[in-house]
Amino acid sequence: MEQRRENPRTARGHLFGCVFAVFLWSVASAQIRYSISEEVNEGTVVGNIAKDLGLDKSTLSDRKYRVVSSNADPLFHVNQNDGILYVSRKIDREEVCPQSSTCLIHLKTVLENPLEVHYVEVEVLDINDHSPTFPEKDKRLEISESVLPGARFQLKPARDPDSGTFSVQRYKLSQNDHFRLEIKDKGDDGKIPILVVQKSLDRETAGIHSLLLTALDGGKPPKSGEMNIIVNVLDINDNAPVFSKDVYSVMLYENAPFGTTVIQVNATDLDEGSNGEVVYSFSNSMHQNILNLFNINPSTGEITVKDLIDYEEKDKYEIEIEASDKGFAPLTREKSVIIKIVDVNDNAPEIEVTSFSNFIPEDSRPGTTVALISVNDLDSGLNGKVICSLSEDVPFTLSPSLKDKMYSLVTKSPLDREKQSHYELTITAKDAGQPPLSSEKTISVVVSDVNDNSPEFSLSPYTFYVTEGNNPGASVFSVKAFDRDESDNALISYHILRDGSQENKLTSFLNINSENGDILALKSFDFETLKTFQFQVVASDSGTPSLSSNVTVNVFILDQNDNAPVILYPVSSNGSAEGVEEIPRNVNAGHLVTKVRAYDADIGYNGWLLFSLQEVTDHSLFALDRYTGQIRTLRSFTETDEAEHKLLILVKDNGNVSLSATATVIVKLVEPKEAFAASDVKSAAKDDEENNVTFYLMITLGSVSVLFLISIIVLIAMQCSKTTDYTSKYLQETNYDGTLCHSIQYRSGDKRYMLVGPRMSIGSTIVPGSNANTLVLPDRRRTSAEVRFI
């Protein structure tokens with residue numbers, strides 16, 4: 001008893017004295033192996049994984065270094081600060097690895113960004129913390145006195161939960177003269193004690209023999225367990241049953257239904273009566289697990305299935321069968337029955353996503369790892385061979401890993417978020433059994449945006465028409481761009497390109513709203529000084545780096561009727577529109593008295609002038625040409641006609657809201673002699689005037705022709721440079737039949753515009769004082785007319 005009390009203290013001293021951690025590095029398999037004793041305290045260091053793998057300790061926490069385990073209460077954990085593997089709780093080897101000679105725990109450690117997987121094996125070493133125990137404290141044997149020396153009686157072995165050298169190593173029998181002990185080594189099932197008769201028994205001399213059987217393990221010091229054996233010596237039954245076969249072996253499919261016959265054994269006994277009747281049973285050495293799986297009929301020897309047979313738990317069973325007679329002292333014969341379990345494809349593959357990145361940038365190169373997939377099938381052979389596949393028509397593929405049944409989910413082609421931003425990937429694992437079993441797992445992959453699209457304008461180029469006289473500071477037009485990216489990569493800002501060149505000097509009078517593209521004019525446009533201009537707008541996104549594109553904006557200023565007609569003739573010395581004309585009294589009807597000349601700075605209908613008589617002393621004497629402003633006599637003068645007539649002429653344009661001016665002409669009738677004298681003076685002055693007019697006309701016609709050609713070329717080039725198919729063409733046609741005006745028509749998209757202006761004739765002359773805006777056209781009746789040119 002004293003020795004037994006000391007054993008626990010000795011074991012604890014041995015426990016704490018033998019705690020150690022040793023790692024083994026294998027270059028071929030890239031794994032680390034440590035060893036540690038069972039029952040060590042929580043927090044015991046197993047090994048420095050970071051040091052052994054050469055990992056940077058400063059990045060372990062950011063890379064989420066951890067042990068991946070499906071167990072809710074894991075045995076080990078790794079410290080992310082120092083990379084050391086610790087014991088999370090006390091480890092009972094007999095609980096973790098029951099009935100296993102070597103206890104290996106496989107750990108999988110994972111680092112992210114980038115993804116790394118390292119495999120660690122921890123061997124849990126056994127310590128001698130259990131004593132051998134017999135299933136029975138007392139064993140009674142009944143042995144006939146007729147048994148010959150050498151008769152063998154198998155006893156129930158002692159069991160020790162420890163493994164290896166700490167399991168039951170030997171047995172010791174108390175000193176006696178009639179029995180000795182033999183040991184039968186059954187490998188995984190341990191050592192079986194056999195009681196052997198070494199000297200004939202004599203019931204009359206000794207009817208009962210008391211023996212003490214001691215089981216010892218291999219510890220230092222060894223631990224032990226004892227069983228009392230009481231042998232009752234019976235009277236004669238001298239024939240033991242004999243089995244019909246030397247070896248019994250059978251194949252059994254797993255998952256066989258309950259009650260299925262496995263095999264039937266048969267034994268015979270040469271004795272008669274009850275001594276010759278045979279009873280079958282399992283040997284006392286059978287493990288309880290086997291007794292739970294199989295049953296034997298005592299009368300027939302038929303072995304049947306009692307519980308579920310699973311090949312994945314054990315693929316072979318060796319059952320010890322005993323055949324005993326019914327003699328007063330029964331004789332027993334043992335025989336082994338070997339049952340080999342045949343695998344059935346009853347386990348579907350299991351898919352486990354070890355590590356997974358939900359988001360992947362769209363600029364990821366082919367071969368980028370998205371997830372690590374591991375598959376497992378508990379079946380064996382072809383039933384356990386697994387083939388993985390991925391759903392079709394996706395830019396991903398499964399790449400087999402160096403480690404068996406491990407796959408990497410990688411990209412196989414470039415991604416484009418603008419075409420597809422989300423993928424539902426179905427992974428199918430299928431075994432090679434008949435019929436095959438399969439399982440599926442679906443994972444979602446989201447493609448994150450990269451700034452790979454420049455902003456695009458809705459039109460290129462833009463063409464806008466702005467009426468002159470706009471309000472300064474008001475929005476006149478706007479541009480719009482869109483970006484196929486998302487979030488900040490699609491957030492667009494606008495600005496006007498200002499390069500300081502002479503062509504872009506007008507951009508200083510423009511401003512743009514950077515958020516919505518509205519363009520504001522900081523000054524009012526005047527058609528008479530500016531008819532068209534262009535500039536460029538740049539649209540930039542907010543991505544990193546930012547992408548941008550630009551567009552050309554063409555602006556045409558439209559004319560407004562904002563200029564009133566200006567009277568050029570007659571003009572008095574004080575600047576008023578008033579003149580005096582003297583004509584002979586003897587002129588005939590149709591005589592040209594004078595011509596009222598005027599011009600308008602506007603163009604088209606806004607600059608097309610019409611003349612009318614507002615006041616006249618005698619309507620029967622004078623007529624005014626509506627379009628030329630010529631004043632002619634309607635009849636010859638008589639003696640009764642007054643010598644002086646006042647004519648008030650109204651000149652107005654054809655704008656929507658007409659603007660006008662008036663001129664006053666006083667016609668005096670003189671005698672022919674006076675008229676001829678005055679005519680000579682005017683003729684001399686007129687000759688000088690016509691010489692100057694001819695010179696100015698040549699300059700004006702050259703300038704106007706060059707400007708007109710340049711405008712036509714610019715307009716045609718702008719229309720041809722458009723990317724859209726505009727059918728607009730610049731056409732020149734006569735808009736007024738029989739008058740002095742013409743028009744230019746042009747289209748832009750679905751809009752049609754028309755500019756109306758005066759038509760020029762060859763031989764036109766410029767009237768002095770007209771500022772090069774009024775042309776004098778020769779009259780067929782040797783008179784002159786004037787039109788406005790813009």
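Visitor: Is Phe 457 buried or exposed?

Guide: This is a predicted model, and what follows should be read with that in mind. The relative accessibility of Phe 457 is 12%, and the cut-off for a buried residue is under 20%. Phe 457 therefore counts as buried.

Visitor: Which kind of aromatic pair do Phe 457 and Tyr 462 form?

Guide: A pair of aromatic rings is described by the distance of the centres and the angle of the planes. For Phe 457 and Tyr 462 the distance is 6.3 Å centre to centre, with 85° between the planes. Planes over 60 degrees apart count as edge-to-face, so the pair of Phe 457 and Tyr 462 is edge-to-face.

Visitor: Is Tyr 462 buried or exposed?

Guide: Tyr 462 has a relative accessibility of 5%, to be set against the limit of under 20% for a buried residue. Tyr 462 accordingly counts as buried.

Visitor: Why is the pair of Phe 464 and Phe 477 described as it is, and what is it called?

Guide: The ring centres of Phe 464 and Phe 477 are 4.3 Å apart, and their planes lie at 5°. Because planes under 30 degrees apart count as stacked, the pair of Phe 464 and Phe 477 is stacked.

Visitor: How many residues apart in sequence are the parts that Phe 464 and Phe 477 tie together?

Guide: Phe 464 lies in strand β34, residues 462-467, whereas Phe 477 lies in strand β35, residues 475-478. Both Phe 464 and Phe 477 are buried. The parts that this pair ties together are apart in sequence by 13 residues.

Visitor: Which residues do ring pairs link into a cluster?

Guide: Across the model, the count of aromatic pairs comes to 14. Ring pairs link a set of residues that includes Phe 457 and Tyr 462, as well as Phe 464 and Phe 477.

Visitor: Turning to charged side chains, which residue meets Arg 63 in a salt bridge?

Guide: Side chains of opposite charge can pair when their charged atoms come close. The side chain of Arg 63 takes part in a salt bridge with an N to O distance of 3.0 Å, and Arg 63 counts as buried at 14% relative accessibility. Its partner is partly exposed, with a relative accessible area of 26%, and that partner is Glu 116.

Visitor: How many residues apart are Arg 63 and Glu 116?

Guide: Arg 63 sits in the loop between α2 (49-53) and β4 (66-68), while Glu 116 belongs to strand β8, residues 116-125. The pair thus links distant parts of the chain, and the separation is 53 residues.

Visitor: Which residues do salt bridges that share partners join into one network with Arg 417?

Guide: The side chains of Arg 417 and Glu 486 meet in a salt bridge at 3.4 Å, N to O. This pair links parts of the chain 69 residues apart, with Arg 417 in the loop between β30 (406-411) and β31 (422-431) and Glu 486 in the loop between β36 (481-482) and β37 (492-496). Arg 417 counts as buried at 10% relative accessibility, whereas Glu 486 is partly exposed at 34%. The residues joined with Arg 417 into one network are Glu 418, Asp 449 and Glu 486.

Visitor: Which helix holds Ile 710?

Guide: Ile 710 is partly exposed, with a relative accessible area of 46%. Together with Val 706 and Val 714, Ile 710 makes a nonpolar surface patch of about 240 Å². Ile 710 is found within residues 672-720, which form helix α5.

Visitor: Over which residues does pLDDT stay under 50?

Guide: The protein averages a pLDDT of 78, and 83% of the residues score at least 70. One stretch under 50 has 37 contacts beyond four places in sequence, and this is residues 1-30. Another has 174 such contacts in the model, and this is residues 723-790.

Visitor: How many helices and strands does the secondary structure of the protein come to?

Guide: Of the 790 residues in the protein, 44% are buried. The secondary structure comes to five helices and 56 strands.

Technical notes:
Residues are numbered from 1 along each chain as its sequence is written. This is a predicted model: local features need pLDDT of at least 70, side-chain atom pairs count only at pLDDT 80 or more; totals for chains, interfaces and linings use all residues. Side-chain values use heavy atoms; hydrogens and water are left out. Patches are made of residues with over 30% relative accessible area and no salt bridge: like charges are joined within 9 Å, nonpolar side chains (Val, Leu, Ile, Met, Phe, Trp, Tyr) within 5 Å. Accessible areas come from the Shrake-Rupley method with a 1.4 Å probe; for residues, only the protein chains shown count as cover. A salt bridge is a side-chain nitrogen of Lys or Arg within 4 Å of a carboxyl oxygen of Asp or Glu. Helices (H or I, at least four residues) and strands (E, at least two) are DSSP runs, numbered from the N terminus. Buried means under 20% relative accessible area, exposed over 50%, partly exposed in between (1.4 Å probe, protein chains only). pLDDT is the predictor's confidence in each residue, from 0 to 100. Contact means heavy atoms within 4.5 Å. Rings of Phe, Tyr and Trp (its six-membered ring) pair if their centres lie within 6.5 Å; planes under 30 degrees apart count as stacked, over 60 as edge-to-face and the rest as tilted.
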